[in-house]
Structures are given as C-alpha cells and as structure tokens.
Amino acid sequence: MAGTAQAPKKLKRNFSLLAALGVILVLAGLVGLIYTWAATLTSMLLFGWLLLIGGVIGLLHAIESRGSDYFWLAVVVAALNIAAGAVVIRHPEGSAEALTLFAALLFLTGGLFRLVGSLVVRGPQFGWTLLQGAFGLLLGILVLGNWPESSRYVLGLFFSLALLFDGLGLLAIGVGGRRIVRMVAEPAEPAGPEGRGGRTTAPGATGPSPGPGDDAHRPEGDQDQSRG
C-alpha cells in the first residue's frame, strides 16, 4: 500500500523535472535566438567535443576487440573522429563556415530533387511536396548567396530553434503529465449520510420514522392511546 501511495508522488516529481528541463531549454533557445553568433560557436564546440569523445570511446572499443576482422576499420574511424573533433574545437569559426556551406548545398540539392520529383510524379501530396522543394531551394540559395557571412547565424539559428521546440515539447509533457497524475490520484469524494447507512428523514418530518419495536420504549399512557 505504501508503494502504491508513493507512485503518484514519484510520477509528479519526474514530470516536474521534465517541465523544469523544458523551461531551461526554452530559455536557452530564446537566448540563442538573440545571440546567434554565440549560439553558433557553442554548437560548434559541442559538436567538436562530441566527435572527440566519440572517437576516444570508439578507439577504446577497437582496442578491446583487437584481433577481430573490423579492428583496423574501427581504429581508422575512431582516429578520424578524434582528428575532426580536435579541428572543430581548435577552429570553430572555420568549421562553422564549412558546415554552413555543406548545409546550403544540402538545401539546394534536396529542394531541387523534391521540386523536380513533385512535377514529374504528381502524386496525392503534389502541392505539399512542391512547396517543400521550393522552400528548400530558396533557403539554399539565400544561405549560399550570403556565404561566408551567413555562417555567423545559420547554425546558431537552427541550434536555437531546436532547443526552443524541444523545450516546449518537454514543458508540455511535464505540465500535462502532472495534471493527469493529479486527476488520477485525486481521492474520491466522501460519502454523504445516505452513503454511510444512516437513516434518512423525509422532508418536513421532525425525526426518524418509528420502527415496529419502538412501542416497547414508549410510556404506558402513550401505548394505550396508540392501541385505542
């Protein structure tokens, strides 16, 4: 019974932590939208450290599995990750320019393929696919036309928007989860006098109706009057 009683509190605590994390991510996303260059550098440093840590872990795993068929392949991949992470951490501005150029080319090619594919196939989602292709093509042209200056805000803008939307999602889950747990764990309403087996009194009556055994407790005069 104690574990059952503690379960709603634990769930509410977990949902509260999710909501608090959502608020932190939302605030970080808003700050990143204001200071896009700082958000770009932050995202590049995070990306570099992730590559570096992933490369070190991959190298350790490759050393543990030495003698296997994929040993040298794992070593090469881990070394490339370590080298890329070190370069990104050491030169975050140049890495941001390179990644922005790569993103612009992805937008261009993806938008072009969607645009041409929607015109050729003309499927049930023709209008939506055509709009997506046109938007991707336009975004790629805008980013590429303003490169390398666009590298100061493009990656930071995407990074901040991702933080903002993730934070809003976690906040909605946390608040909604706490509300559901509170509704489920709410105690039932206490039963009224009728629910407790109490004797009901008719409206306008001054007391409970007498039972068949109540004559034995009346005075003798009242009993004679009732018999007469």
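Colleague: What share of the 228 residues in the chain is buried?

Modeller: Buried residues come to 20% of the 228; buried means under 20% relative accessible area, exposed over 50% and partly exposed in between, with a 1.4 Å probe and protein chains only. Keep in mind that this is a predicted model, where local features need pLDDT of at least 70, side-chain atom pairs count only at pLDDT 80 or more, and totals for chains, interfaces and linings use all residues. Residues are numbered from 1 along each chain as its sequence is written, and side-chain values use heavy atoms, leaving out hydrogens and water.

Colleague: How do I read a pair of packed helices?

Modeller: You describe two packed helices by the angle and the distance between their axes. Here, the axes of α2 (residues 36-64) and α4 (residues 92-121) come within 9 Å and cross at roughly 95°. That makes α2 roughly perpendicular to α4 (65 to 115 degrees). Axes are lines fitted to C-alpha atoms over the stretch in contact, with angles from 0 to 180 degrees between N-to-C directions.

Colleague: Which residues make the contact?

Modeller: On α2, W37, T40, L41, M44, L45 and F47 take part, and on α4, P92, E93, S95, A96 and L99. Contact means heavy atoms within 4.5 Å.

Colleague: Is S95 buried or exposed?

Modeller: S95, in helix α4, counts as buried because its relative accessibility is 10%. Leaving aside residues up to four places away in sequence, S95 touches M44, V87 and V88.

Colleague: And how do I find a pocket?

Modeller: Rolling a probe the size of a water molecule over the atoms shows where empty space is left. A pocket is an open set of points on a 1 Å grid over the protein atoms alone, where a 1.4 Å probe fits, with protein on both sides within 12 Å along at least five of seven lines; lining residues have an atom within 4 Å of a point. The largest pocket holds about 160 Å³ of space. Its lining consists of L106, F107, G110, G111, R114, L131, Q132, F135, G136 and L139, with α4 and α5 (126-145) each supplying at least two residues.

Colleague: Is L131 buried or exposed?

Modeller: L131, in helix α5, counts as exposed because its relative accessibility is 52%. L131 and S118 sit 13 residues apart in sequence, with their C-alpha atoms 9.3 Å apart in space.

Conventions. Helices (H or I, at least four residues) and strands (E, at least two) are DSSP runs, numbered from the N terminus. Angles under 35 degrees count as roughly parallel, over 145 as roughly antiparallel, 65 to 115 as roughly perpendicular and the rest as oblique. Grid points are joined across faces, edges and corners, and a volume is the space filled by probe spheres set on the points.
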